[in-house]
Amino acid sequence: MRVSQLFGKTQREIPAEADTVSHQLMLKAGMIRQVAAGVYAYLPLAWRVLKNIENIIRDEMDKAGGQEILMPALQPLELWQKSGRDRAFGEGLFVLTDRRDRKLALGPTHEEVVTELVKYNVQSYRDLPQLLYQIQTKFRDEPRPRGGLIRTREFSMLDLYSFDADEAGLDLSYNKMVEAYRNIFERCGLPAVMVEADSGAIGGKASHEFMLIAESGENEIITCNGCTYAANVEKAQFIKTKVGGGEPLPLEEVSTPGMASIEQVAGFLNVPEKRTLKAVFYMADGQLVFIVIRGDLAVNEVKLKNALGGADIRLATHAEVSQAGLVPGAASPIGVEGIKVIADDSITSGTNFVAGANKPGTHLKNVNYPRDFTPDTVTDIARARAGDKCVKCGGALQSSNGIEVGHTFKLGTFLSETLGAVFVDQSGVSRPIIMGCYGIGVGRLLAAAIEQNHDNKGIIWPKPIAPFQIHLCPLYMENPQVVTAAEKLYEEYRSKNVEVLLDDRPESPGVKFNDADLLGIPLRITISPRSLEKNSIETKWRWEKESKLQPLE
RNA sequence: CGGGGUGUAGCGCAGUUGGUUUAGCGCGCAGCGUUUGGGACGCUGAGGUCGGAGGUUCAAAUCCUCUCACCCCGACCA
């Protein structure tokens, strides 16, 4: 390709709206163009990279035994109502009405369609297992698209679905996919970290996310510096160290005038925060819920949501708390009636805690579980933080940001049961098919690749996904020898099917070098009168500082 | 949806207390010339329904009302 003809120009100034590095660089390099919020057009440079990524994905999916199919983006809403997931997706589902007044959804994912598909093509255990995949455009009406290609409303995704006869088969399929994903990210030059993930409202036994560590990542991930434990903070567990407290003593009321926060109360009574119990209030599907957690810990809303069976939750307002007859700032789990109480299991990590007395300016000492109060549920709803102890090895946990580029999920039989995708096993019994689903965001992967591979000059493409392998930079185009040499090299590489970009513009060296650095093609070859005198050209890898003189022929 | 912000040429911006404004500047774009090893310079030129609709006024980019789009911070996800 010749730069003079390449569709898409490099910009010197970038639109003010871009603040993510990958977004800025893609706009500057003329790779993408925004058409609407979270909707992008991909210009040749971006499209070439996307195709490279897709081909790596296809190759690995095929190697793992997957079969490629293509399902429609347009899906009857009925199908979503049948599975009940129209509610789970809610506003995120793009719904439209056709001329016959039928409702259709633009597919945000394809579990329903693929399950229907399998239902009519699988009857016997002999038809299993199956690994079906596609690379296809998904539509999700995200509440807030952001970060360029990091989070869009229309995006290309690899989605593979596994269908097995038993758990052992699912495990096998799952492991194949995990392996394939590892290969994909490695081949793309991206060190992805596999972390345990929350499996969400649908349930299921296991879920993992593949994360790229990046400042701009939207997810917090917790890793252990002593072992391989890694989890999304939504899921991350940690050891709740014992805080002691001795034999349970009788309850004692103490005056704590004006002390509302844990910090204030602990300071006032001169007890460590971890020896207090904190009350937090949430509204879950419109109902007030009383949360009790050790004072030094924070509530993990995802864990809480799961403990509440997937309810919609938000923090309750002071007014809502007062209305329920509780005293914000001094609320007590003791004697609460008619309100659901969920406690973090940290309440069992010690004795004689300080807690609210449900009287203004008053707290209680020596509060003990289960002597003084009995929550409806006691489970882990605490948020792991850097410095906490690892559940696997006791080592120190660390926190970092990650971009989620892949996600694997043991779905189980939820969908096959509701949609009636069953098979007959060896003993002639009808059973639901056991499913798994696996996704990789292709555009996001492209953006993440840039997030991880750039410098202040521009992109530094990993070779396997680079839009071109070689960038020819002839300097002083008015010199016919330069042009001849450049054209010759260009033709040579083309005849060998090497992807080569020729900067045939009559631009100054500075412009060409800067554009070359911006576009980030791995190998730059400079052709100039200076080096031609020595019958040589200059080569430079994008990630290296100095160029090398290389003899021609 | 809650909070904050922005819409003026392909991009970055100024102009916004109504009136020399024929709406400017820089980059980019076209032509000519001089240059050129890390985003050169001069001259000439093209490019705008000032997001949209309605209103106030002798006069609106500028004031009022409504509306649309986009960005950023929070709840969701590949």
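Let me start with a term: buried means under 20% relative accessible area, exposed means over 50%, and partly exposed is in between, using a 1.4 Å probe and protein chains only. By that rule, Lys119 is partly exposed, because its relative accessibility is 21%.

Now the background. This is a predicted model, in which local features need pLDDT of at least 70 and side-chain atom pairs count only at pLDDT 80 or more. Residues are numbered from 1 along each chain as its sequence is written, and side-chain values use heavy atoms, with hydrogens and water left out.

My topic is salt bridges. Side chains of opposite charge can pair when their charged atoms come close. Here a salt bridge is a side-chain nitrogen of Lys or Arg within 4 Å of a carboxyl oxygen of Asp or Glu. Searching the whole structure gives 37 salt bridges.

Back to Lys119. Its partner is Glu116, with the closest N and O atoms 4.0 Å apart. Both residues lie in helix 5 (residues 111-119), 3 residues apart, about one turn of the helix. Helices are DSSP runs (H or I, at least four residues), and strands are too (E, at least two), numbered from the N terminus. Glu116 is buried, because its relative accessible area is 15%.

Next, Asp504 pairs with Arg2, the closest N and O atoms being 3.8 Å apart. This pair links distant parts of the chain, 502 residues apart: Asp504 is in the loop between strand 28 (500-502) and helix 13 (509-519), and Arg2 is in the segment before helix 1 (21-28). Asp504 counts as buried, at 16% relative accessibility.

Last, a network of salt bridges links Lys240, Lys303, Asp344, Asp345 and Asp380.

Note on methods. Chains are lettered from A and ligands numbered from 1 in the order in which they are written.
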